[in-house]
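The following paragraphs lead through selected features of one protein chain. Please keep the sequence and the structure in view while reading.

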Amino acid sequence: MLSDLYRKVVMDHARYKRNYGQLTGSTVKHIHYKNPTCGDVITLYIQIEQETVENVAFEGEGCSISMASSSMMTELIKGEKLNTVYALMNEFEALIKKGERQNSQLDLGDAESLEGVHKLRARHNCALMSWQALNKVLRQ
């Protein structure tokens, strides 16, 4: 299970979502994404300029893990170059699916507090939902 400290970080992000809301404008891409296993949903908005995530936000409903992960992800990728964003996606996926870090040089920030989800296989999709939406919207 998640340690008490990690649980507090997760619950803080679930209650006080960072970057929650809608982005508008001609350069904003968005995607509506639904967790196929539990029904959690998000709409992810992203604005990319010169290979950099200029702005990112989300709206949605779901469990504390999916909402916290979405909040953490938006904080982590805002202002980052796309090559770093792809590296962070791969690193977070390995953390959740394999329970291990591949590149300790990458800072996952608060998202590292979700490492205990690895032991909860049924919750993998909750933690990965926003990251999967990010991957899809970047490939549009």
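The account below takes up aromatic pairs, a helix contact and several individual residues in turn.

The model is a predicted one, in which local features need pLDDT of at least 70 and side-chain atom pairs count only at pLDDT 80 or more, whereas totals for chains, interfaces and linings use all residues. Residues are numbered from 1 along each chain as its sequence is written, and side-chain values use heavy atoms, with hydrogens and water left out.

Rings of Phe, Tyr and Trp (for Trp, its six-membered ring) are taken to pair if their centres lie within 6.5 Å; a pair is stacked if the planes are under 30 degrees apart, edge-to-face if they are over 60, and tilted in the remaining cases. By this rule there are two aromatic pairs. Helices (H or I, at least four residues) and strands (E, at least two) are DSSP runs, numbered from the N terminus.

A residue is buried under 20% relative accessible area, exposed over 50% and partly exposed in between, with a 1.4 Å probe and protein chains only. Tyr20 counts as partly exposed because its relative accessibility is 41%, and Phe58 counts as buried because its value is 0%. The other pair is formed by Phe92 and Trp131, whose ring centres are 4.7 Å apart and whose planes lie at 20 degrees, so this pair is stacked. Phe92 is in helix H3 (residues 82-98) and Trp131 in helix H4 (residues 124-138), so the pair ties together parts that are 39 residues apart in sequence. Both Phe92 and Trp131 are buried.

Most residues other than glycine have a negative phi. Asn19 counts as partly exposed because its relative accessibility is 21%. Gln50 likewise is not a glycine and has a positive phi, of about 50 degrees. Gln50 lies in the loop between strand S2 (41-49) and S3, and it is exposed, with a relative accessible area of 74%.

How do the axes of H1 and helix H2 (residues 64-77) cross? They come within 8 Å and cross at roughly 85 degrees, the axes being lines fitted to C-alpha atoms, for helices over the stretch in contact, with angles running from 0 to 180 degrees between N-to-C directions. The two helices are therefore roughly perpendicular, a term that covers 65 to 115 degrees. Contact means heavy atoms within 4.5 Å. On the H1 side it is made by Val9, Val10, Met11, His13 and Ala14, and on the H2 side by Ser64, Met67, Ala68, Ser71, Met72 and Glu75. These residues divide into seven nonpolar, three polar and one charged, where Ala, Val, Leu, Ile, Met, Phe, Trp, Tyr, Cys and Pro count as nonpolar, Asp, Glu, Lys and Arg as charged, and the others, Gly among them, as polar.

His13, in helix H1, is buried, with a relative accessible area of 0%. Residues up to four places away in sequence aside, His13 touches Arg18, Met67, Ala68, Ser71, Met72, Glu75 and Asp110.

Ser130, in helix H4, is buried at a relative accessible area of 1%. Neighbours within four places in sequence aside, Ser130 is in contact with Ile42, Leu44, Ser69, Ser70 and Met73. Ile31, in strand S1, counts as buried at 13% relative accessibility. The C-alpha atoms of Ile31 and Ala133 are separated by 6.8 Å, although these residues are 102 residues apart along the chain.

How values were computed. Parallel < 35°, antiparallel > 145°, perpendicular 65-115°, else oblique.
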